[in-house]
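Let's take a walk through this one together. Keep the viewer open and follow along as we go from the overall fold to individual side chains.

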Amino acid sequence: MTSTARRRSGCTLSARLLLGVGILLTGVPPDHAEEALNSRGEVLYRTRCASCHEGGVARAPDANALRQFRPERMSFALMFGMMSQQGRDLSQREIQAIVRYLVGTAPEQQQPLPDSTCGERGPALADASLPRWNGWGVDIAQHRFQSAAMAQLSPDDVPRLKLKWAFGFPGDTRAYAQPMVWGGRVFVGSAGGKVYALDARLGCQRWVFDAGFGVRTAITIGEDERGTTAYFGDQRGETYALDAESGKLLWRRRFDAHAGAVITGAPTLANNVLYVPVSSVEEVLAIDPRYSCCTFRGLIAALDARTGEVLWRGYVSPPAQPIRLNEIGVQLFGPSGGAIWSSPTIDLKTSRIYATTGDSYLDPASTTSDAFVAFDLGTGRLAWSRQLTEGDAYNIACSSQYRANCPGTKGPDFDFGSSPMLVDLPDGRRALIAGQKSGMVYALDPDRDGAIIWQRRVGLGSTLGGVQWGSAADDANVYVAVSDVGMKAVPPTAAGAQKSVFGIPMKLDPSQGGGLYAMNQATGEIVWHAAHPGCGDRPGCSPAQSAAVTAIPGVVFSGGLDGHLRAYAAKSGEIIWDVDTMRDYATVNGVSAHGGSLDGPGPVIAGGILYVNSGYTNYGTAPGNVLLAFSVDGQ
């Protein structure tokens, strides 16, 4: 079945499923029918779903978060998507009951929002004089460093930054997509599946596109004879191209049929070819002992930017093979995993594309997991790989009560979630630099098949520790933030307590994690270290700094799980600006919005304005649904 046919089939059956709810209840008194269906749905949810969704399992939203999802999205997930294994032995009526239980207890509909459409025509998208931040890392080398000409924000200006406007994402509990700036507009995805084009100065809405599933990637812009195009991927594993002026869909493509495939890293564009990284949630699917774990393998796909045609697929490992049966007789496969979580790096000098990979999902572990990998830019052939943690096989079953699919090694789950930064060293060599969840930062020589130049420990490392989502580099240093988030068991009544996969209440440890390092690019020597200033007595606070780092000349920005965004002097590490984003906001679009933890994406700076998303619910971190814009004195 083609991807188009699969989508149509899924949408059609989901629509029939929802229609069937009404058909099944025909002839039954409405109040009693709804009560019966909700009661059955609640029982099914509690017995089939709650152990993960109410148990704090990674990437398993709880009922309150699920109630923000569309009914058809939940139906699709259970029948054809990433939860199809969990839904495979449920009847259509049972799936209907679960969906209706969640939908039927949804919050009351809010009043219609005021019109936030821009009243005046915006600047020309193609105006090259307008400041830009494209994709994840500004450039195809993924430096996350904005030049003075584009930033238009000096070190002396930074302490004067104040809120200019706020934009709320309706119904969302996470703001996990990094914004980008082009042509006087801010382009940003959302957990609710909407992609917005906003006026960069005012925050009013130019257009909105509904992808239907969450969009976590940054948007990448390209220009050709057709005009200006916006590219991104979604949490269903589909890649999109939109007319950046109007938001009209030009094409969309799903090139990996695996049910767990998702796209978290922004596509990288070069010479009219779009390079898309693919990660997965199969680690989560493995918690079900009935699931035949695991067959996903990380890849980069090269697409024709004009048409979406697949030019090549480059996999990090060969197809998984049968290896053994689990304790209930289900066939297991391996090696698998090696997800590519972050945006790839392009080297036009050698015609290669680089990425970092996650762990394996089942033993035997692949030799290309937890690694730097290099593919040929024209063919997708794997040119070389450099593994930094051997034998790392892990999935969520290892942290749950259902361990049939847990590999014998049980981790340590030391993925790379950071894009490799390609830098020029003073001695004429080049280096690829990235941090790992192990707490190590590595510099590899891309011209010597990934030979290690230096390695340096900055964190303790853990499944949620070390270096998470990315670093920044200027001409001399690399700036690395450390997570090392800690959780500890507490009584259920303790302030800040959260449900957990371990079956006992947990809360974030206010004494563990955090810190920012400046490191010499050539040697790995630590130039300075700035410790987190501390959580004080805030319940459930963590000093962990998991979000990606951003730099401009003279200043480094780092956000934390405590909701604070801080600016550090690049020469000394002194904190020169600190804003707490964890509060309520009046928004330009009238949405009720609140800030939360800063995780995943980092801030972007262009045209004298800093943009950052706030809110990231996971493992006890604080939810939120707001995009914030800061400028000098709020002007």
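This is a predicted model: local features need pLDDT of at least 70, side-chain atom pairs count only at pLDDT 80 or more; totals for chains, interfaces and linings use all residues.

Of its 635 residues, 60% are buried. The accessible surface is about 23600 Å², and carbon and sulfur atoms account for 51% of that. As for how the chain meets itself, take the contacts with a separation of 6 or more: 59% of them involve residues 24 or more positions apart.

Now zoom in on strand E19 (residues 371-376). Here 5 of the 6 residues are buried, so the strand is largely enclosed by the rest of the structure. On one side, E19 runs antiparallel to strand E18 (residues 352-356), with 5 bridges joining them; Thr356 has Phe372 of E19 as its bridge partner. E19 also pairs with strand E20 (residues 382-387), again in the antiparallel sense and over 5 bridges. There, Ala374 finds its bridge partner in Trp384 of E20. E19 and E20 make a hairpin with 5 residues between them, and if you look at the turn you'll find Gly380 with a positive phi of about 85°.

Which residues touch the most other members of the largest nonpolar core? They are Phe187, Phe209, Phe232, Tyr611 and Leu627, out of 34 residues in that core. Strand E4 (residues 194-199) is the top contributor to this core, with 4 residues. Apart from this core lies another, of 33 residues, including Ala218, Leu285, Cys293 and Leu303.

Phe209 deserves a stop of its own. Beyond its neighbours within four places in sequence, Phe209 is in contact with Gly193, Lys194, Val195, Phe232, Tyr240, Leu242, Gly247 and Leu249.

Phe209 and Phe232 make one of them, edge-to-face, with 6.3 Å centre to centre and 65° between the planes. This pair links distant parts of the chain: Phe209 belongs to strand E5 (residues 205-210) and Phe232 to strand E7 (residues 227-233), 23 residues apart. Both Phe209 and Phe232 are buried.

For another pair, go to Tyr479 and Trp528. Their ring centres are 6.2 Å apart and their planes meet at 40°, so this pair is tilted. It too links distant parts of the chain, with Tyr479 in strand E26 (residues 477-481) and Trp528 in strand E30 (residues 526-530), 49 residues apart. Tyr479 has a relative accessibility of 1% and counts as buried, and Trp528 is buried as well, at 7%.

Phe167, Phe169 and Tyr196 form one aromatic cluster. The charged end of Arg132 sits over the ring of Trp182, 3.7 Å from the ring's centre, and the charged end of Arg297 sits over the ring of Tyr315, also 3.7 Å from its centre.

Our last stop is Pro601, in the loop between strand E36 (593-594) and strand E37 (604-606). Leaving out residues up to four places away in sequence, Pro601 touches Trp136, Ala175, Tyr176, Ala177, Gln178, Ala547 and Ala548. Take Ala548: 53 residues separate it from Pro601 in sequence, yet the two are 5.4 Å apart in space, C-alpha to C-alpha.

Terms used. Residues are numbered from 1 along each chain as its sequence is written. Side-chain values use heavy atoms; hydrogens and water are left out. Rings of Phe, Tyr and Trp (its six-membered ring) pair if their centres lie within 6.5 Å; planes under 30 degrees apart count as stacked, over 60 as edge-to-face and the rest as tilted. Helices (H or I, at least four residues) and strands (E, at least two) are DSSP runs, numbered from the N terminus. Buried means under 20% relative accessible area, exposed over 50%, partly exposed in between (1.4 Å probe, protein chains only). A charge sits over a ring if NZ of Lys or CZ of Arg is within 6 Å of the ring centre and within 35 degrees of the ring normal. Contact means heavy atoms within 4.5 Å. A nonpolar core is a set of buried Ala, Val, Leu, Ile, Met, Phe, Trp, Tyr and Cys residues joined through side-chain atoms within 4.5 Å. Accessible areas come from the Shrake-Rupley method with a 1.4 Å probe; for residues, only the protein chains shown count as cover. Two strands pair if DSSP finds at least two bridges between them.
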